Amino acid sequence: MSAGSDFVSMLVEMGFSKEKAEKGLSMTGHKSVEAAMEWIFSNPGESDPGSSQSTSEAGTSNQNSVPESDNNAEEAKSIKCDDCNKLFKSQLEVEYHATKSGHSNFSESTEEKKPMTDEEKQEQLRKIEEKLKEKRREREESEKKEALEKEKRRIQSGKEITEAKRKMEELEMKKILDQRKREKEEERQARLRVKQLIESDKLARKGITAEQVKPIVTPTPAPAPVNAAPKDYSQTRIQIRLTNGSTLNQTFGVKEPLAAVRLFIEMNRTDGNDSFSLMTNFPKKVFLEDDYDKPLELLNLVPSAVLILTKSRSNAFD
């Protein structure tokens, strides 16, 4: 806001109309509020579109209190406030005083109002400057608070984006590791088949039939006893069934929250972007908002599980 606008606002707050304030500042070259006030008080007869209304508001209650001039009486030189005994030169000063003080009893006086001394002018100017400074300080404080809140929102947004990127990179890395594991297993199975073919060929050359040779099979570990201690799993295999019938498969750490699975689904799903909930069939359970912060091992989703997407009517993640 410019100094001129500040001066106009100050004068309007003092009870002057905006038109009178702008004209007073214009006639004094926008030098100061004090100069504009002196011009307004010195030119009370200037036309002011807002003065008639102010006169009707501030002067109506005073109309009966200010007696009309008597031809035989001494000429009135000022208007006196009967509530505080202050003298005023013009009706405009009376309206201003009535607006600020709430006084309503005025009368004509033969006393002449003395002009403001230099000390009084300086004191009035000091008060005006202090008020302007206070307004500037309030505006600066408000701007600082807005800038601080904006910076906080920017930092929070940056943290959320960084966290989302980190999770996405972790999921991508897991996908790469799973792909490598599958490739190694396929390679091992291929070598095993080649070995079986070579052995079969050797036996055939020796005249031994396939029925006479026990097939080469991969040894399978013996089942764990019923009362054995539970295995300490570090990962779990999750199969996700989408709403369009397709499936996603991914390996997660047992300490990861269910929210990591949800993020993986949102990044890789092929059945649209509708909101959804997660559930299991055996046992049947629909996961609620509080469950998404819990690790997979506490939700009984280890060492493997099947999650089913269902359309969600109301979900905190929507």
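## Salt bridges around D291

D291 pairs up with K285 in a salt bridge, with the closest N and O atoms 3.8 Å apart. The term covers a side-chain nitrogen of Lys or Arg within 4 Å of a carboxyl oxygen of Asp or Glu. D291 also meets K294 in a salt bridge, at 3.4 Å from N to O. This is a predicted model, where local features need pLDDT of at least 70, side-chain atom pairs count only at pLDDT 80 or more, and totals for chains, interfaces and linings use all residues. Residues are numbered from 1 along each chain as its sequence is written, and side-chain values use heavy atoms, leaving out hydrogens and water.

Is D291 buried or exposed? D291 counts as buried because its relative accessibility is 7%; the cut-offs are under 20% relative accessible area for buried, over 50% for exposed, and partly exposed in between (1.4 Å probe, protein chains only). K285 is partly exposed at 34%, and K294 is partly exposed too, with 36%.

## Other salt bridges

Salt bridges with shared partners tie E163, R166 and E170 into one network. By this rule, the count comes to 16 salt bridges.

E187 forms one with R191, the closest N and O atoms being 3.1 Å apart. These two are four residues apart in helix α6, so about one helical turn separates them. Helices here are DSSP runs of H or I with at least four residues, strands are E runs of at least two, and both are numbered from the N terminus. E187 is partly exposed, with a relative accessible area of 47%.

E140, E141, E143 and E146 gather in a patch of negative charge on the surface. Patch members have over 30% relative accessible area and no salt bridge, with like charges joined within 9 Å and nonpolar side chains (Val, Leu, Ile, Met, Phe, Trp, Tyr) within 5 Å. E141 sits in helix α6, residues 118–205, and is partly exposed at 44%.

M173, I176 and L177 make a nonpolar surface patch of about 270 Å². M173 also belongs to helix α6, and its 47% relative accessibility makes it partly exposed.

## The three-stranded sheet

Three strands form an open sheet in the order β2-β1-β3, with antiparallel pairing. β2 and β3 stand at the edges with a single partner strand each, so one side of each has no neighbour in the sheet. Strands pair if DSSP finds at least two bridges between them.

β1 (residues 78–81) and β3 (residues 106–109) share four bridges, and S78 stands opposite S109 in β3. I79 has E108 as its bridge partner in β3 and F88 as its bridge partner in β2. β1 and β2 form a hairpin with five residues between them, and N85 in the turn has a positive phi of about 65°.

Definitions and conventions:
Areas by Shrake-Rupley, 256 points an atom, 1.4 Å probe, with all protein chains shown as cover. Lys, Arg positive; Asp, Glu negative; His and termini not counted. Charge placed at Lys NZ, Arg CZ, Asp CG, Glu CD.
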